[in-house]
Amino acid sequence: MNDAPAAQPPASGWYVDDRCTNCDVARQLAPDLIHEVDGRSELLRQPRDAAEERRVHAAAFACHTRSIRPASGRLDERWDPYPLPIDDTVLFCGHNSTRNAGANSYLLRRPSGTLMMVDTPRWSEALAARYERIGPVTDVLLTHRDHAAHGRRYADRFKARLWIHEGDLDAAPGADRVLRATESVEIGDGVLAHPLPGHTRGSVLYVADERYCFSGDSFYWSRSAGDIEVAESVTWYSIEELAASLARTAERLRFEWLLPGHGDRKHLPADEMAARMRSLTARTATLRPRPVDFTAIRW
């Protein structure tokens with residue numbers, strides 16, 4: 001992990017350029033400085049101190065289009081904070097990839113000192129080396145086809161196993177481990193894979209230590225709704241299948257951290273998460289197919 005400079009740099013004239021795709025990651029990282037305006041991110045004001053400068057840099061180094069820029073147009077690599085600890089077990093990789101739809105990815109520490117990577121950031125040998133300095137990466141876990149672009153390359157670099165579900169196998173045909181059907185499987189000590197077809201045919205949840213749920217694009221925390229939501233307007237395979245998957249799986253899930261590929265993260269007591277998952281399951285059962293509409297997502 002890089003150490004950011006302690007001192008605040010000169011006034012930097014930050015702005016968001018017109019390549020922004022409204023993926024929301026910048027607003028997750030700097031919600032007090034960057035808001036959604038007319039379907040894209042906009043900087044509300046310039047950072048006022050070093051802490052705010054760090055938050056804008058975190059947003060800039062996560063943005064998959066590099067749309068968040070200082071007046072000079074060039075990011076200072078010394079301010080790259082990634083991987084960024086979420087707690088003592090999970091790190092946010094940053095450096096989201098356009099080829100993975102701008103999705104978030106994570107590193108999961110295991111008690112043995114090894115790591116699992118959940119989905120992937122953009123490919124970079126320098127990033128791979130940076131992650132590997134934390135510990136050996138034994139597995140790359142793909143949640144679904146939309147986030148599979150760099151899976152094989154990272155797995156080969158780490159000499160790790162690449163996982164995907166058979167429903168999305170054509171997106172990673174060289175996968176080393178293929179999940180089948182809808183049965184939950186323990187894929188590592190304390191790590192369960194729960195197939196959850198719906199967003200795509202091969203979507204998977206990975207739950208670790210009954211604390212961390214890596215949900216891919218199956219569901220996420222919506223700040224506007226103040227609750228767990230499914231992205232019904234961008235459900236590629238079947239919203240009805242997603243409802244059936246939740247009905248089959250949700251009661252068996254226990255976690256405190258919701259860590260999605262798109263949408264915000266959230267930490268709540270496990271009992272509250274369980275109650276919200278029951279409510280989500282009931283709501284999703286009432287939904288019907290609709291045309292894909294990215295503008296309808298409730299971030």
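Trainee: Okay, what average pLDDT does the protein have?
Mentor: This is a predicted model, and its pLDDT averages 95, with 96% of the residues scoring at least 70.

Trainee: And where is the pLDDT below 50?
Mentor: That would be residues 4-11. In the model, this stretch has 15 contacts beyond near neighbours in sequence.

Trainee: Good to know. On to the sheet: what's the strand order?
Mentor: There is an open sheet of seven strands, ordered β5-β6-β7-β8-β9-β10-β11, and the pairing is mixed. β5 (84-85) and β11 (177-179) are the edge strands, each pairing on one side only.

Trainee: Do β7 and β8 pair in the parallel or antiparallel sense, and over how many bridges?
Mentor: Antiparallel, over four bridges, with β7 covering residues 106-109. Tyr106 has Val118 in β8 as its bridge partner.

Trainee: Which strands does α4 lie across?
Mentor: Helix α4 lies across β8, β9 (137-141) and β10 (161-165). Relative to β9, α4 runs at about 170 degrees.

Trainee: Let me switch to Ser105. Where is that found?
Mentor: Ser105 is in the loop between β6 (90-92) and β7.

Trainee: Buried or exposed?
Mentor: Ser105 has 0% relative accessibility, so it counts as buried.

Trainee: Which residues is Ser105 in contact with, leaving aside neighbours within four places in sequence?
Mentor: There are two runs to look at. One has Leu91, Phe92, Cys93 and Gly94, and the other has Val118, Asp119, Thr120 and Pro121.

Trainee: Now the rings. How many aromatic pairs does the structure hold?
Mentor: Seven aromatic pairs. One of them is Trp123 with Tyr154, an edge-to-face pair at 4.8 Å centre to centre, with 70 degrees between the planes.

Trainee: Which parts does that pair tie together?
Mentor: Trp123 is in the loop between β8 (115-118) and α3 (125-134), while Tyr154 is in helix α4 (residues 151-158), so the pair ties together parts that are 31 residues apart in sequence. Tyr154 counts as buried because its relative accessibility is 0%.

Trainee: Which residues do ring pairs link into a cluster?
Mentor: Tyr82, Phe92, Tyr106 and Phe214.

Trainee: What sits over the ring of Phe92?
Mentor: The charged end of Arg265, 4.7 Å from the ring's centre.

Note on methods. Residues are numbered from 1 along each chain as its sequence is written. This is a predicted model: local features need pLDDT of at least 70, side-chain atom pairs count only at pLDDT 80 or more; totals for chains, interfaces and linings use all residues. Side-chain values use heavy atoms; hydrogens and water are left out. Rings of Phe, Tyr and Trp (its six-membered ring) pair if their centres lie within 6.5 Å; planes under 30 degrees apart count as stacked, over 60 as edge-to-face and the rest as tilted. Helices (H or I, at least four residues) and strands (E, at least two) are DSSP runs, numbered from the N terminus. Buried means under 20% relative accessible area, exposed over 50%, partly exposed in between (1.4 Å probe, protein chains only). A charge sits over a ring if NZ of Lys or CZ of Arg is within 6 Å of the ring centre and within 35 degrees of the ring normal. pLDDT is the predictor's confidence in each residue, from 0 to 100. Contact means heavy atoms within 4.5 Å. Two strands pair if DSSP finds at least two bridges between them. Axes are lines fitted to C-alpha atoms, for helices over the stretch in contact, and angles run from 0 to 180 degrees between N-to-C directions.
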